[in-house]
Amino acid sequence: MPPQPAPLPAPLPANDTLYLQIAEGIAQPIRAGTLARGERIPSVRALARQQGVSLSTVVQAYRTLEDARLIEARPRSGYFVAARVPRLPEPEPSLPPPDSRPVDVSSLGEQVMRLATDPRYISFGAACPSGELFAQDRVRRAVSRAAQRHRASLCRYPIGPGHELLRRAIARHALGLGCQLDARDILVTNGCLEAISLCLRAVTQPGDVVALESPTYFGFLEILESMHLRALEIPTHPRTGLSLDALQLAFDTQPVKAVLAVPTLSNPLGASMPLAERRRLAQMVAECGIPLIEDVLYNDLAEQDDRRRAVKAFDTGGHVMICGSFSKTVAPGIRLGWVEAGRWGAQVRRLKAVHSGGHTELLELAMADLLTQPGHGSAYRQLRTTIAARVDEARGLIAESFPRGTRVTDPAGGFILWIELPGGLDSGALFEACLAEHICIAPGTMFSATGRYRHCIRLGVGGRWDETHRAALRRIGEIARKMAERGAG
């Protein structure tokens, strides 16, 4: 007897996010376990008829559920609840100290990044996607076209905020983030980190306090250290991100001069702030007159549309400085970023002219080509699907191999996992033990100015992914398990 479809969800009111409501109406019983893995769900036609909506609306809802790895399509059979890896507990919300700290990070980050390109090592330490995830021929053709059509650009000295075609392409791209940006206000940069550095220089002086997530990306800490800024780490939940109540308390009690945050797929937690919290964050910084430097580097990797919406989309007074890049989603080798700095735009533009000037116009034109080609959106969707399958597989290997009591994040997109080791297991010792076997991980202490997270590691699974790497991930778990057993003994 063929499997029977699950009951249809109740009808929903029509509005511009109807497909998201339909998707959530199916997602909730899946997450709650009411719909079991392998259970059939209604066909596109049946659900459209019951809900009184178009077939395309249901198709969009089902694509959203597929991207979230909640359902899967089986040829000639229909849609079914997807099989999921064993659920692991997630790490606890962070509890950093309430005061700001001067930043003094070690050379550990430099070592981890160096080993990421050393062919003698299998690296999970860097959050760098490998070339195999991208359409390399597509990128090559775009660069070749730019070289053929704009040969003279190679003999022109680049001056200014970036080629107009690229800035207009970025403005169109930002519509997918919920932002209506004027291309004239966009500044092209040398990657996202330069954009963030310029924003910090525009709104802070040495000794100022910058609030940011805890744990946070070690590259942010390196920037703060180089600029002699103090880091105020804010408690952060591994699923919903920055605690806005804690941030408001910081505004009330600390001389915060800027906030640096990654509301979508934060690094290293992979947390994504709910939409209502994004709106609230925009209101908070506007009321306090404090600039928010928003990193949207990973937004296009988020599985759900509402998680791609930037805080900048709710900014009405120019208090949000939005920074992005395409190094994780389109072409890692074309190191171009961008920034729209709101009310600090003029200062950022002057700083850019002083510190690094213009860019290679040829690469700007190639990137503009890539961003405006037909099928660009479907390329994003394919990338998200590929990464999601890899992350699921990695979480399954962690569940099998790591010691009992291990906690791991389950990010709704991206390729970074944050692991909390049990029993006070020292990630520094695990790092050294793995290095002895030519495997590189990122110890948790890299991601805080406070010396915390010694029992945590970050794993990036965006690099090469083959049986050698799967075996290496299992080996990390085996080493951790032996260390835990010795500690218990």
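The structure is a predicted model, in which local features need pLDDT of at least 70 and side-chain atom pairs count only at pLDDT 80 or more, while totals for chains, interfaces and linings use all residues. Residues are numbered from 1 along each chain as its sequence is written, and side-chain values use heavy atoms, with hydrogens and water left out.

**Domains and their interface**

- The domain assignment (automatic or from a database) gives domain 1 (18–81) and domain 2 (135–372).
- Seven residues from domain 1 and four residues from domain 2 make the contact (heavy atoms within 4.5 Å).
- The C-alpha centres of domain 1 and domain 2 lie 34 Å apart.
- About 480 Å² is buried between domain 1 and domain 2, with 37% of it on carbon and sulfur atoms; buried area is the accessible area (1.4 Å probe) that two parts lose on being put together, summed over both.
- Between domain 1 and domain 2 there are zero salt bridges (a side-chain nitrogen of Lys or Arg within 4 Å of a carboxyl oxygen of Asp or Glu).
- On the side of domain 1 that touches domain 2, helix 1 (18–32) and helix 3 (55–67) each supply at least two residues (helices are DSSP runs of H or I, at least four residues, and strands are runs of E, at least two, numbered from the N terminus).
- Helix 1 gives the largest share of that side, three residues.

- Four strands form an open antiparallel sheet in the order 13-14-17-16, where pairing requires at least two DSSP bridges between two strands.
- Strand 13 (407–408) and strand 16 (442–443) each have a single partner strand, so one side of each is left without a neighbour in the sheet.
- Strand 16 pairs with strand 17 (residues 456–460) over two bridges in the antiparallel sense.
- R458 in strand 17 is the bridge partner of A442.
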